[in-house]
Amino acid sequence: RYKTIPVNKSDAAELKMLTDSYNDMMLMLKAHDDNQQAFIMNASHELKTPLTVISSYAKMLERFGKTREDLLDEGITAISEETTRMKYLTEQFLSFTKVTHSDTSADKEHIPVVQLVKSVAARLEKVFKRNISVISDDTNPHVYVYPDALEQLLRIFLDNAYKYSEKDIDVTIKKDTGKITIAIQDYGIGIPNDELDDIFTRFYRVDKARTRKSGGSGLGLSIAKQLAENNDIDIEVKSVIKEGTTFTLIFKEEVRDGEAE
Ligand code: ADP
């Protein structure tokens, strides 16, 4: 036996509100699900290429490895290179997942910009075997960000400047009307202007074939975008085809050492 519960006008309005927010929630969950599914599909696709190479070389070595020394060398080199690639890709996937679920366990810190940029540049110069000049005014600015975020951002842009150009790289740090900017400039292939928004989309690449050769994952800039959002940083990009690209990090407000506590 059920009792009929009379629904008066205000109950009906409340019921409608509840139904609406339930529907909104379901839509959000679905979008989240679709998003996650797309990520898994893209990630699996990226892993498939190195896996295919590894498995075909493994099969070849199984059959001819004992008798053909030339194939042995080729096979081992290929397997080792593709394993490195898979390691890089899985690290990028993890990094992307980590930054999109921002870590609130850490506190932001005051970071001396020039000092950090110089130390990252010095380390990468050795890896890239190219000059990275760091130019700054003498204001010695500090920014207030999550530890490691700035270093991770610099690495992403410097890594791209290295991959997509063959020349030295310039980093310019400035403090101007309360804003601190770090510009990473390369003199490389450039990015078509109508693709400047797309490059921040995960797995987007301007030229798939060329990027695969340069060893990218298509995730670097989407990680950078998320890191920038988590840390209140704006990113600006300017590019001229065959002349080069400049990515500028803009820190909205300057917080001097010891001020924000
Ligand atoms: P990837 O790992 O492929 O480099 P990113 O997300 O870092 O992925 O960059 C996305 C795409 O943007 C790259 O594939 C490349 O086509 C383009 N791109 C990024 N940085 C530069 C740059 N400094 N010069 C030219 N093209 C760039």
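Which residues does S95 touch, not counting residues up to four places away in sequence? Select S95 and display its surroundings: setting those sequence neighbours aside, S95 touches Q152 and I223, where contact means heavy atoms within 4.5 Å. S95 sits in helix α2 (residues 69–100), helices here being DSSP runs of H or I with at least four residues and strands runs of E with at least two, numbered from the N terminus. At 17% relative accessibility S95 counts as buried, a word used for under 20% relative accessible area, with exposed meaning over 50% and partly exposed in between (1.4 Å probe, protein chains only).

Before going further, note that this is a predicted model, in which local features need pLDDT of at least 70 and side-chain atom pairs count only at pLDDT 80 or more, whereas totals for chains, interfaces and linings use all residues. Residues are numbered from 1 along each chain as its sequence is written, and side-chain values use heavy atoms, with hydrogens and water left out.

**The α3 and α4 helices**

Next, select residues 113–128, helix α3, together with residues 149–163, helix α4: their axes come within 10 Å and cross at roughly 40°. The axes are lines fitted to C-alpha atoms, for helices over the stretch in contact, and the angles run from 0 to 180 degrees between N-to-C directions. The crossing of α3 past α4 is right-handed, that is, the near helix is turned clockwise from the far one by less than a right angle. Showing side chains, you will find L116, V117, V120, R123, L124 and F128 of α3 meeting L150, E151, L154, R155, L158, D159 and Y162 of α4. Of the residues in this contact, 9 are nonpolar, none is polar and 4 are charged; Ala, Val, Leu, Ile, Met, Phe, Trp, Tyr, Cys and Pro count as nonpolar, Asp, Glu, Lys and Arg as charged, and the others, Gly among them, as polar.

Around L150, leaving out residues up to four places away in sequence, the contacts are I111, L116, V143, V145, I182, L249 and F251.

**Aromatic pairs**

The structure holds 7 aromatic pairs, counted where ring centres of Phe, Tyr and Trp (its six-membered ring) lie within 6.5 Å, with planes under 30 degrees apart called stacked, over 60 edge-to-face and the rest tilted. Select F128 and Y162, a stacked pair at 4.1 Å centre to centre with 10° between the planes. F128 belongs to α3 and Y162 to α4, so this pair ties together parts that are 34 residues apart in sequence. F128 is buried, at 8% relative accessible area, while Y162 is partly exposed, at 29%.

Move on to F200 and F247, an edge-to-face pair at 6.3 Å centre to centre with 85° between the planes. F200 lies in the loop between β5 (179–186) and α5 (208–214) and F247 in strand β7 (residues 244–251), so parts 47 residues apart in sequence are tied together. Finally, select F39, F93, F96 and F203, which ring pairs link into a cluster.

**Positive phi**

Stay on F203, in the loop between β5 and α5, whose phi is positive at about 70° although it is not a glycine; F203 is buried, with a relative accessible area of 6%. End at K129, in the loop between α3 and β2 (132–136), where phi is near 55°, again a positive value in a residue other than glycine, but K129 counts as exposed at 72% relative accessibility.
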